[in-house]
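Visitor: Could you take me through the salt bridges here, pair by pair? I would like a close look at where the partners sit and how buried they are.

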Amino acid sequence: MFTAFLIKYAEIGIKGKNRYLFEDALVRQIRFALKPVEGEFDVTREQGRIYVIAGSAFDFDETVGALKRVFGISGICPVVIAEDEGFEKLAQDVTAYMDCQYPDKNRTFKVNVRRAKKSYPMSSMEANSELGGRLLDAFPELKVDVHKPDIMLNVEIRNRIYIYSDIIPGPGGMPVGTNGKAMLLLSGGIDSPVAGYMIAKRGVQIEAVYFHAPPYTSERAKQKVIDLARLVSRYSGPIRLHIVNFTEIQLYIYDQCPHDELTIIMRRYMMKIAERIGKETGCLGLITGESIGQVASQTIQSLAATNEVCTMPVFRPVIGFDKQEIVDVALKIDTYETSIQPFEDCCTIFVAKHPVTKPNLNAIKRSEVKLQEKIEEMLETAVNTADAVTVS
């Protein structure tokens, strides 16, 4: 029955004179999301509305599933499109719609006509009343409820007429690419993919960096991170993933620095590398999956110590979440099962038995003096030899 979708958005509607830029970005993201879906689709924008019109047979559930991953969409409305051939034809189309969509007529309803085509001979109020009367005549078991109806029957009169009653929730947020680009520190854990998803939801394009430590971490651990990036990319669009060989730097820190400070010092150098790659690729911030107090490296003092090496802002969207709240999002975006696969990443291999939880920044810097002989050269090598793959 349905051959098209009306796409509703929320925040974009308050963007004033720049709204068309956000609408155009949303159209691009919808087209990208529908590429793997079987069928042909025409995505158009007109007068504050975006339509997805199928030009061939398509899988309804697969199409809706793809649209539900496009940030910026607040609602997906399957619509029936009718030509404007006069009110009698409209009344027939609306009656047929109600009959087909709702076999059980023992419901309440309200007709909501929006007349965007001002040359239409009836006002919205007149059309509401007339269509409501026609439906009551056709289906006596229906009842009108203008406050909390079971069925809100929407009719939009434009150059063509759009009839719909179902609004499928979208993910909300802003179209990706409308708020710059940031670098995600992506591990194989639960938290960082969720953090990337949440920042992408605010319209930020995502790049990612993963710190690989062969032979202490396996190729399967690296593949796990690539798989996580691919799952996040279903929402964010393609992700360029930079794979940094971190083994020599980790071993050097392990040999030269106090073991209770290992996690903090390694984390500081990860942030430095991520920032350098980020600056080279046009990123404006870093993204981490840190949550206050979750582990020793995520106490307030530890976060302050790692932040100190950054000149870019560091976005931590799950900072106030407890673990279950993060898991709930991971389950929603389908990254959880991949994240819990038992392949260790470089962060877990070199964890100290008794890590410092309240690091003193001056003490950390004194320990890092022992690294001065080689560390800068090692950082340059790590950045220059990073492999980059585009994941989508």
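Guide: Happy to. A salt bridge here is a side-chain nitrogen of Lys or Arg within 4 Å of a carboxyl oxygen of Asp or Glu. This is a predicted model, in which local features need pLDDT of at least 70 and side-chain atom pairs count only at pLDDT 80 or more, while totals for chains, interfaces and linings use all residues. Residues are numbered from 1 along each chain as its sequence is written, and side-chain values use heavy atoms, leaving out hydrogens and water.

The structure holds 23 salt bridges. One of them joins Lys 222 to Glu 219, with the closest N and O atoms 3.2 Å apart. Both residues belong to helix 6 (residues 219-236), three residues apart, or about one helical turn; helices (H or I, at least four residues) and strands (E, at least two) are DSSP runs, numbered from the N terminus. Lys 222 is buried at 18% relative accessibility, where buried means under 20% relative accessible area, exposed over 50% and partly exposed in between (1.4 Å probe, protein chains only).

In helix 1 (residues 19-34), Glu 23 and Arg 19 are four residues apart, about one turn, and their salt bridge has its closest N and O atoms at 3.5 Å. Glu 23 is buried at 3%, whereas Arg 19 is partly exposed at 29%. These two also join Asp 24 and Arg 45 in a network of salt bridges.

Glu 207 and Lys 181 meet at 3.1 Å, N to O. Glu 207 is in strand 11 (residues 205-212) and Lys 181 in strand 10 (residues 181-185), so this pair ties together parts 26 residues apart in sequence. Glu 207 is buried at 6%, and Lys 181 is buried at 15%.
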